[in-house]
Amino acid sequence: MEMSSKLLERAVAEISQLPGIGKRTALRLALHLLKQPKEQTEHLTDAILKMRDDIRFCRECHNISDVDVCEICSNLSRDKSIVCVVEDIRDVMAIENTGLFKGIYHVLGGKISPIDGIGPSQLNIPTLVEKVKNGTAKELIFALSSTMEGDTTNFYIYKQIKDCDVVLSAIARGISVGDELEFADEVTLGRSIIHRVPFENSLKNH
């Protein structure tokens, strides 16, 4: 894509690095920014820089937060004995949008995927196991996507805590196999949490 400005070309190249953004869309966004008042562009860049520099990860659940402990974990009305185990922050947002889950979360930061070079040591598994072993968590709800990587991650965690005094459940398979939670509709996702099943049942199905 030939451009008359190297500055525009660089901006388009950087914007196109974002997921789901091709060169044509990046060009359209860059040209849109050029048409906007300079102050509006400055507000955008300032917001992005502040997010990148100042955002934190909750020390209890690893969700993104503006403070050391996120609003969910610090909410006294949430049941800290019920922990929903998810892959990333998008899953937290998806489940929160249902308004039906009153426990807390544990964000793993991914799922075990040898083909992508992601092993258990790269995920937030040790802190989850610690919650179980110290008695903080009384029930874990496995809410990872129903893929081979998700099932592998669930089973790895299960092996770490199977002898502990904790209830293990998994979201009901109202979510299609291979689907990511963030794309599930709120009603289906909410029902899958409410009608969760014992995790041992899901082991028998694989």
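Where is the place of His62? Select His62 to begin: this residue sits in the loop between strand 1 (56-57) and strand 2 (64-65). Helices (H or I, at least four residues) and strands (E, at least two) are DSSP runs, numbered from the N terminus. The model is a predicted one, in which local features need pLDDT of at least 70 and side-chain atom pairs count only at pLDDT 80 or more, while totals for chains, interfaces and linings use all residues. Residues are numbered from 1 along each chain as its sequence is written, and side-chain values use heavy atoms, with hydrogens and water left out.

Remain at His62 and inspect the backbone. Its phi is positive, about 75°, although His62 is not a glycine. Most residues other than glycine have a negative phi. His62 is also buried, with a relative accessible area of 16%; buried means under 20% relative accessible area, exposed over 50% and partly exposed in between (1.4 Å probe, protein chains only).

Next, display the whole chain as a cartoon. The secondary structure comprises 8 helices and 7 strands, and 37% of the 206 residues are buried. Of the contacts (heavy atoms within 4.5 Å) with a separation of 6 or more, 55% are between residues 24 or more positions apart.

Two strands pair if DSSP finds at least two bridges between them. Strand 3 (residues 79-86) and strand 5 (residues 139-142) run parallel and are joined by 4 bridges. Within this pair, Ile82 stands opposite Glu139 in strand 5.

Within helix 6 (residues 148-161), select Asn154. Asn154 is buried, with a relative accessible area of 6%. Not counting residues up to four places away in sequence, Asn154 touches Phe142, Leu144 and Phe199.

Turn to the nonpolar cores, each a set of buried Ala, Val, Leu, Ile, Met, Phe, Trp, Tyr and Cys residues joined through side-chain atoms within 4.5 Å. The largest has 39 residues, and Cys84 and Leu140 have the most contacts inside it. Strand 3 supplies the largest share of this core, 5 residues. Select Leu140: leaving aside neighbours within four places in sequence, its contacts include Val83, Val85, Leu128 and Ile161. Apart from this core lies another, of 6 residues, among them Met3, Leu8, Val12 and Ala26.

Finish at the largest pocket, which holds about 460 Å³ of space. On a 1 Å grid over the protein atoms alone, a pocket is an open set of points where a 1.4 Å probe fits, with protein on both sides within 12 Å along at least five of seven lines; lining residues have an atom within 4 Å of a point. Grid points are joined across faces, edges and corners, and the volume is the space filled by probe spheres set on the points.
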